[in-house]
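Please look over the sequence and the structure first.

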Amino acid sequence: MDPVQEGAEASSAALNRIHRLERQERDRIARQLVAADRRAQLTDDRRGPTDNRRASLKRVEHAIRIPMAILGVAWTVCGIVVLTSHASGTTSRSFVIALFAIWFVVVVEAVVRYIMVPDRRRYLASRQIEPALIVLPSFQVWKIVGVEEATVLWGEGVERFLAILGHRGLFRVLLAAVGLVFLGAWLDLLFENHASGSNIHSYHDALWWAVVTVTTVGYGDRFPVTEGGRAVAVVLMLVGIGLIGTLTATVASFFVQEHADANKDELKAAHEDLGVRLADMDDRLGRIEAVLVGSAAPPQEASASSSSSPPPASTLPASPPSPPQPPQTPSEP
């Protein structure tokens, strides 16, 4: 093949790859915009019609979202102090009072909003995570994003999680692994309960040991000392290694397949477009080659015809001049 033609084909292939990558990037941005528009549409649909009370309620919610988030963080801090510290007397009582006072403020704020809203049923449907915000005021920080937006994001997250569990039978694998953990804990307790030097004497301890073993952590506070218990440990270790590998591979396969499905139509269209472009380029190169061959033929024919025909008269060399004649003398009488 002609080097010029090879270079042209290589350049065309590189340009096609660049164009394909550009189309993929544009399609990815377009999908992100479509997802954002879908979330906004879902949020607007959940909010329902707007009236004066609903508009005033939205203004109030926007004004108090930062203070309510701060109260949620304060409630979390007070709860951690109450549960983890050993303070007594006035200090402990102060944190407990602050904990219940913040909780009371959160409940009152929610009740006031439910009284102000015109359509309570639709309002509650658009805020499915609202009970979590009331039961655990730590989640009040979600109000910075917006409760309706957070509800939509939570629904998408749950849908994605369920899709991953159903991908390639991952749920059945996890269910079997959980069953093996409980069964292994029971078997280990049978071997270790009355063994000398054993530190596993209850099903609680055996279950803790089984979970630590199957996750390949090896905490070390509980361990089997009998041969039967060690055999159960080996089985749980192998199950744990396989479970981690299966979980990682399944999640990676889910995201790869999701990306492949999203780009399937795009890649098909790109391949068809590439085939059309290559056919067009091949046709053009064929026409160029034909033109080049045709333009090179006439000079060769002209040179051949010129070699066979006599040269024109104008180009022939002149004949040499005749020698001069001697002068004739007159004859005598």
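Is Asp283 buried, partly exposed or exposed? With a relative accessible area of 41%, Asp283 is partly exposed; here buried means under 20% relative accessible area, exposed over 50%, and partly exposed in between, with a 1.4 Å probe and protein chains only.

## Basis of the model

This is a predicted model, in which local features need pLDDT of at least 70 and side-chain atom pairs count only at pLDDT 80 or more, while totals for chains, interfaces and linings use all residues. Residues are numbered from 1 along each chain as its sequence is written, and side-chain values use heavy atoms, with hydrogens and water left out.

## Confidence

The protein chain has a mean pLDDT (the predictor's confidence in each residue, from 0 to 100) of 77, and 73% of its residues reach 70 or more. Among the elements of the chain, the lowest mean pLDDT, 66, belongs to helix H1 (residues 3–47), and the highest, 92, to helix H8 (residues 203–214). Helices are DSSP runs of H or I with at least four residues, numbered from the N terminus.

Over residues 312–319 the pLDDT is below 50, and this stretch has one contact in the model beyond near neighbours in sequence; a contact means heavy atoms within 4.5 Å. Residues 329–333 also stay under 50 in pLDDT, and for them the model has zero contacts beyond four places in sequence.

## Salt bridges

The structure holds ten salt bridges, each a side-chain nitrogen of Lys or Arg within 4 Å of a carboxyl oxygen of Asp or Glu. One of them joins Asp283 and Arg287, whose closest N and O atoms are 2.3 Å apart. Both residues lie in helix H9, four residues apart, which is about one turn of the helix. Arg287 is partly exposed, at 46% relative accessibility.

Lys143 pairs with Glu109, with 2.9 Å between the closest N and O atoms. Lys143 lies in the loop between helix H5 (130–135) and H6, and Glu109 in helix H3 (residues 90–116), so the pair ties together parts that are 34 residues apart in sequence. Lys143 counts as buried at 10% relative accessibility, and Glu109 is buried with a relative accessible area of 12%. Both belong to a network of salt bridges that links Glu61, Glu109, Arg113, Arg127, Glu130, Lys143 and Glu148.

## Helix H6

Helix H6 (residues 147–166) has 20 residues and should span 28 Å at 1.5 Å a residue; its end C-alpha atoms are 28 Å apart, which agrees. The expected span is 1.5 Å times one less than the number of residues. The buried residues of H6 are Val147, Glu148, Ala150, Thr151, Val152, Glu156, Ile164 and Leu165. Just after H6, Arg168 takes a positive phi of about 55°.

## Nonpolar surface patch

Ile66, Ile70, Val73, Val77, Val141, Ile144, Val145 and Leu153 make a nonpolar surface patch of about 650 Å². Such a patch is made of residues with over 30% relative accessible area and no salt bridge, nonpolar side chains (Val, Leu, Ile, Met, Phe, Trp, Tyr) being joined within 5 Å; accessible areas come from the Shrake-Rupley method with a 1.4 Å probe. Helix H2 (residues 52–84) gives the largest share of the patch, four residues. Ile66 is in helix H2 and is partly exposed, with a relative accessible area of 40%.

Notes. Helices (H or I, at least four residues) and strands (E, at least two) are DSSP runs, numbered from the N terminus. Patches are made of residues with over 30% relative accessible area and no salt bridge: like charges are joined within 9 Å, nonpolar side chains (Val, Leu, Ile, Met, Phe, Trp, Tyr) within 5 Å.
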